Amino acid sequence: MAWTDSRVFREWVAGPMFQASGTGYTGLDSDTVKVALFNNTVIPDRDAAVASTGFNTGVWTTGNEVTDATNWQSGGRTLASKTFTTPSSGVAMFDAADLSGGGTVTITNAYGCLVYDDTITGGTVADQGVCFNYFGGAQSVVAGTFSIVWNSDGIMKITT
């Protein structure tokens with residue numbers, strides 16, 4: 001089955017999110033975090049092994065990526081204004097500014113995106129996936145603006 005929902009990768013929660021500061025991981029709010037678009041060939045798995053969560057690994061290969069040669073290139077776009085907040089007791093939220101492709105973009109059949117940490121280059125996988133977000137179906141634009149408007153609960157929300 002292809003895309004059905006949005007999830008945080010279990011391996012991201014178990015790994016870099018909780019690593020001690022001596023490991024070299026600085027955090028999503030200071031790292032370069034990117035968003036790459038993917039087609040419906042992808043079968044997202046929140047329980048995938050860490051080696052299969054990174055950009056251009058597992059199902060997240062460039063062969064399944066949806067791009068625009070000029071304005072939404074392979075590897076995706078970089079998030080700006082990243083924040084971690086704790087809006088209420090037992091809740092942590094990661095958010096960033098909404099994304100828009102610059103200029104005139106042509107994107108066909110983008111079903112969802114991979115949010116990944118482009119700063120992580122060592123360890124088990126480079127460009128480790130943080131989460132994936134389903135768009136609810138095929139999204140396309142021809143010679144226009146392709147935008148991702150994040151939910152009011154952020155890109156991801158974790159409750160304990």
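In this predicted model, A143 has a relative accessible area of 51% and therefore counts as exposed, since the exposed class begins over 50%. This residue belongs to strand β9. When residues up to four places away in sequence are not counted, A143 touches T104, V105 and T106. For one of these residues, T106, the separation from A143 is 37 residues in sequence, whereas the C-alpha to C-alpha distance in space is 5.1 Å.

Strand β9, which spans residues 129-144, also takes part in the lining of the second largest pocket, as do β1 (7-8) and β11 (156-159), these being the elements that give two or more residues to that lining. Of the elements concerned, β9 gives the most, with 3 residues. The lining consists of 15 residues in total, and those nearest the centre of the pocket are S6, N133, G154, I155 and M156. By residue class, the lining of this second largest pocket comprises 8 nonpolar, 4 polar and 3 charged residues, and the space within the pocket amounts to about 210 Å³.

Aromatic side chains were examined next. The structure contains 11 aromatic pairs. One of them is formed by F38 and W60, whose ring centres are 5.1 Å apart and whose planes stand at 80° to each other, an edge-to-face arrangement. This pair connects distant parts of the chain, with F38 placed in strand β2 (residues 33-38) and W60 in the loop between β2 and β3 (65-66), at a separation of 22 residues. Both F38 and W60 are buried.

A further aromatic pair, made by F84 and F94, is tilted, with 5.2 Å from centre to centre and 45° between the planes. Here too the pair links distant parts of the chain, since F84 lies in strand β5 (residues 83-85) and F94 in strand β6 (residues 91-95), 10 residues apart. The two partners fall into separate accessibility classes: F84 counts as partly exposed because its relative accessibility is 37%, while F94, with a relative accessible area of 1%, is buried, the limit for a buried residue being under 20%.

Beyond individual pairs, a cluster is built from W3, F9, F38, W60, F132 and Y134, which are linked to one another through ring pairs. The cluster thus includes F38 and W60, the partners of the edge-to-face pair described above. Another aromatic residue, W72, has a charged neighbour, as R77 lies over the face of its ring at 5.7 Å from the ring centre.

Technical notes:
Residues are numbered from 1 along each chain as its sequence is written. This is a predicted model: local features need pLDDT of at least 70, side-chain atom pairs count only at pLDDT 80 or more; totals for chains, interfaces and linings use all residues. Side-chain values use heavy atoms; hydrogens and water are left out. Rings of Phe, Tyr and Trp (its six-membered ring) pair if their centres lie within 6.5 Å; planes under 30 degrees apart count as stacked, over 60 as edge-to-face and the rest as tilted. Helices (H or I, at least four residues) and strands (E, at least two) are DSSP runs, numbered from the N terminus. Buried means under 20% relative accessible area, exposed over 50%, partly exposed in between (1.4 Å probe, protein chains only). A charge sits over a ring if NZ of Lys or CZ of Arg is within 6 Å of the ring centre and within 35 degrees of the ring normal. On a 1 Å grid over the protein atoms alone, a cavity is a set of points where a 1.4 Å probe fits but cannot get out, and a pocket is an open set with protein on both sides within 12 Å along at least five of seven lines; lining residues have an atom within 4 Å of a point. Grid points are joined across faces, edges and corners, and a volume is the space filled by probe spheres set on the points. Ala, Val, Leu, Ile, Met, Phe, Trp, Tyr, Cys and Pro count as nonpolar, Asp, Glu, Lys and Arg as charged, and the others, Gly among them, as polar. Contact means heavy atoms within 4.5 Å.
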